[in-house]
Amino acid sequence: MTTPLSDTELDRLDVLLDRCTDPETGLGNLEMLDGYLSACAVGPIEVLLADMLPAIWGEGEVPRRDERQSREAEALIARLATEIEHRVRHDPEEGGDREALMPLLGLPPEAENAAEGDASSTPTDDALDGIPEDFPFAAAWAAGFLRGAAQHEADWAAWMSEHASIENDLGVITRLAIVDPAQLEDAEMEAAEMLTLDERFDLTYDLPDMLHEMYLQRLHDRRPAPARRADLPGRNDPCHCGSGRKFKKCCGNDTLH
């Protein structure tokens, strides 16, 4: 089993993302990367790391990125992807440390410092203290997730058409991604659907359950259909072997074989 990334390794990956990704089209921070990898882990099709990397780096040239940094970042990204795959497989209802199942979500510096002082804090405790009401909590994660879904838009659209629960979950994630009223029109949403900070915290608390249920649906849908026995003639029908005899007196007679 892959060892989870340490805080030092996560900080290093965050630096590498900033250096190696295109600022306009890439996934330039840990939170957005976590969302993107989560979509790949629970989505309707398997996505290989080689197919993820172009979306992570972005389309533009990044002069600061060199081969050594790219290889280092790719190794850390691969480990984070494996870590997320293990995370979404775990049922939050089975108990254990729910905090360990939460995505990587950023907080303002002052709130991060407070959280470091209280290792037991979760998004539902007093974590709202000191956070500006307009802070876009979990928006970058949601934007990364939607980027992952958009990369295979036709597959996700077909999946949503088959399962209303998947469509509902994408609707929740879309609401988390919206931080500006100008985005509401594109999402076909009303102004009243803009989330408050409290609502954002409440919705993100349920993300482990949502991702696990998506993962289970993915497993169910990818399960091979049971093999069906070929249709056989009726006992009094002509045998399918072409002998001209009735099936019951030819291939359907076990005593003859």
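Mentor: Buried means under 20% relative accessible area, exposed over 50%, and partly exposed in between, with a 1.4 Å probe and protein chains only. This is a predicted model, in which local features need pLDDT of at least 70 and side-chain atom pairs count only at pLDDT 80 or more, while totals for chains, interfaces and linings use all residues. Residues are numbered from 1 along each chain as its sequence is written, and side-chain values use heavy atoms, with hydrogens and water left out.

Trainee: How many aromatic pairs are there?

Mentor: The count comes to four. Rings of Phe, Tyr and Trp (its six-membered ring) pair if their centres lie within 6.5 Å; planes under 30 degrees apart are stacked, over 60 edge-to-face, and the rest tilted. One of the pairs is Phe 137 with Phe 201, which is stacked, at 4.1 Å centre to centre and 15 degrees between the planes.

Trainee: Which parts does the pair of Phe 137 and Phe 201 tie together?

Mentor: Phe 137 lies in the loop between helix 5 (109-117) and helix 6 (139-151), and Phe 201 in helix 9 (residues 197-205), so the pair links parts 64 residues apart in sequence. Helices are DSSP runs (H or I, at least four residues), numbered from the N terminus. Phe 137 and Phe 201 are both buried.

Trainee: And how are Phe 145 and Trp 156 arranged?

Mentor: They form an edge-to-face pair, with 5.7 Å between centres and 80 degrees between planes. Phe 145 is in helix 6 and Trp 156 in helix 7 (residues 153-162), so this pair ties together parts eleven residues apart in sequence.

Trainee: A change of topic: where is Ile 56, and is it buried or exposed?

Mentor: Ile 56 is found in helix 3 (residues 49-57) and is buried, with a relative accessible area of 0%. Leaving aside neighbours within four places in sequence, Ile 56 is in contact (heavy atoms within 4.5 Å) with Leu 17, Thr 21, Gly 26, Leu 27, Leu 33, Tyr 36 and Ile 77.

Key
Helix = DSSP H or I, 4+ residues; strand = E, 2+ residues; numbered from the N terminus.
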